[in-house]
Amino acid sequence: MSNIVTIIPVRMASTRLPNKPLLDINGKSLLQRVYENVKKTVPGDVYVAAGDQVIAEACEKFGAKVVLTDPALPSGTDRIAAALKKIDPEGQYDIVVNFQGDAVNVNPAVNNGLIEMVERTGCDIATVGMLFDAQDDVKVPSNVKIAMGLREGEDEGRCLYFSRAGVPFIRNPESCKNQAFYHHIGIYVYRAEALKKFVSLPVGVLEDREGLEQLRALENGMYIRAKLVSDLTLDKNAPADIDTKEDLEEARKWIK
């Protein structure tokens, strides 16, 4: 059995929705609801990697394990790595789950399939993909695409590339059997040693070009594997995470 820890990176600096982690959703903060969803679903320990003292104090009030991290860290990945260093200086954890602090409607059980995939395949990083429903969505640069060679009936595979462009190109549409495009969902499970290696690497050439940090791992020979899912959320009628006031109001409607 692997020793597993889920770390939820959280900071207050949200330009679109000020004080987002601590906003109230029907009697509990957004962060508390996310923490409780993870705690009851994903095996192992759960910590919050807080970028601000006010978040750490809120966590202590509702009983969450919390680690205070440098607010200037550039990404959530860097934040969970910094928290792991404090939580586990002796390297007892084998697998680290990165769960976003605003993903109140993402089903944490998705991570259980990724944990199993890391254990079974030995991949460095496990992530999630979904089939694009509409070809127009493939053309949108903010919808990141995964290039992986899946045969009929397969629902997971090695990630060969990630891009904001529509990859892979289909040269012969008339004869190509698999014309699916896979939408990358930014959910990650790491082998602990792979996470430590990843944050020690310099920004990659392709990472800088596409603005996608997962390309740093591929440029350095790391093994990323993706699992396709058809359903990501707890409630299909609500947004997966909270980014705007409208998202917050929708969450308040379905969370009772």
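How much space lies in the largest pocket? The largest pocket holds about 1,200 Å³ of space, a pocket being an open set of points, on a 1 Å grid over the protein atoms alone, with protein on both sides within 12 Å along at least five of seven lines. Volumes are the space filled by probe spheres set on the points, with grid points joined across faces, edges and corners. The model is predicted, with local features needing pLDDT of at least 70 and side-chain atom pairs counted only at pLDDT 80 or more, while totals for chains, interfaces and linings use all residues. Residues are numbered from 1 along each chain as its sequence is written, and side-chain values use heavy atoms, with hydrogens and water left out.

The largest pocket is lined by 41 residues, of which Gln100, Asp102, Gly186, Asp241 and Asp243 are the closest to its centre; a lining residue has an atom within 4 Å of a point. Two or more lining residues come from each of strand S1 (4-10), helix H3 (76-87) and strand S11 (182-191), and S11 gives the most, with 5 residues. Helices (H or I, at least four residues) and strands (E, at least two) are DSSP runs numbered from the N terminus. The lining comprises 18 nonpolar, 13 polar and 10 charged residues, where Ala, Val, Leu, Ile, Met, Phe, Trp, Tyr, Cys and Pro count as nonpolar, Asp, Glu, Lys and Arg as charged, and the others, Gly among them, as polar.

A search of the whole structure returns 1 cavity of 30 Å³ or more, a cavity being a set of points where a 1.4 Å probe fits but cannot get out. The largest cavity contains about 40 Å³ of space and is lined by Ile125, Tyr188, Tyr190, Phe198, Glu213 and Gln214. By class, this lining has 4 nonpolar, 1 polar and 1 charged residues.

Helices H1 (residues 30-39) and H2 (residues 53-62) pack at about 55°, with axes 10 Å apart. H1 is therefore oblique to H2, as angles under 35 degrees count as roughly parallel, over 145 as roughly antiparallel, 65 to 115 as roughly perpendicular and the rest as oblique. In H1, Leu31, Gln32 and Tyr35 meet Ile55, Cys59 and Phe62 of H2, contact meaning heavy atoms within 4.5 Å. The contact residues divide into 5 nonpolar, 1 polar and no charged.

Two backbone features lie in loops. Valine 167 and proline 168 are joined by a cis peptide bond with omega of about -5°, and proline 168 is in the loop between strand S10 (161-163) and S11. Asparagine 19, although not a glycine, has a positive phi of about 60°; asparagine 19 lies between S1 and strand S2 (24-25), in the loop.

Notes. Axes are lines fitted to C-alpha atoms, for helices over the stretch in contact, and angles run from 0 to 180 degrees between N-to-C directions.
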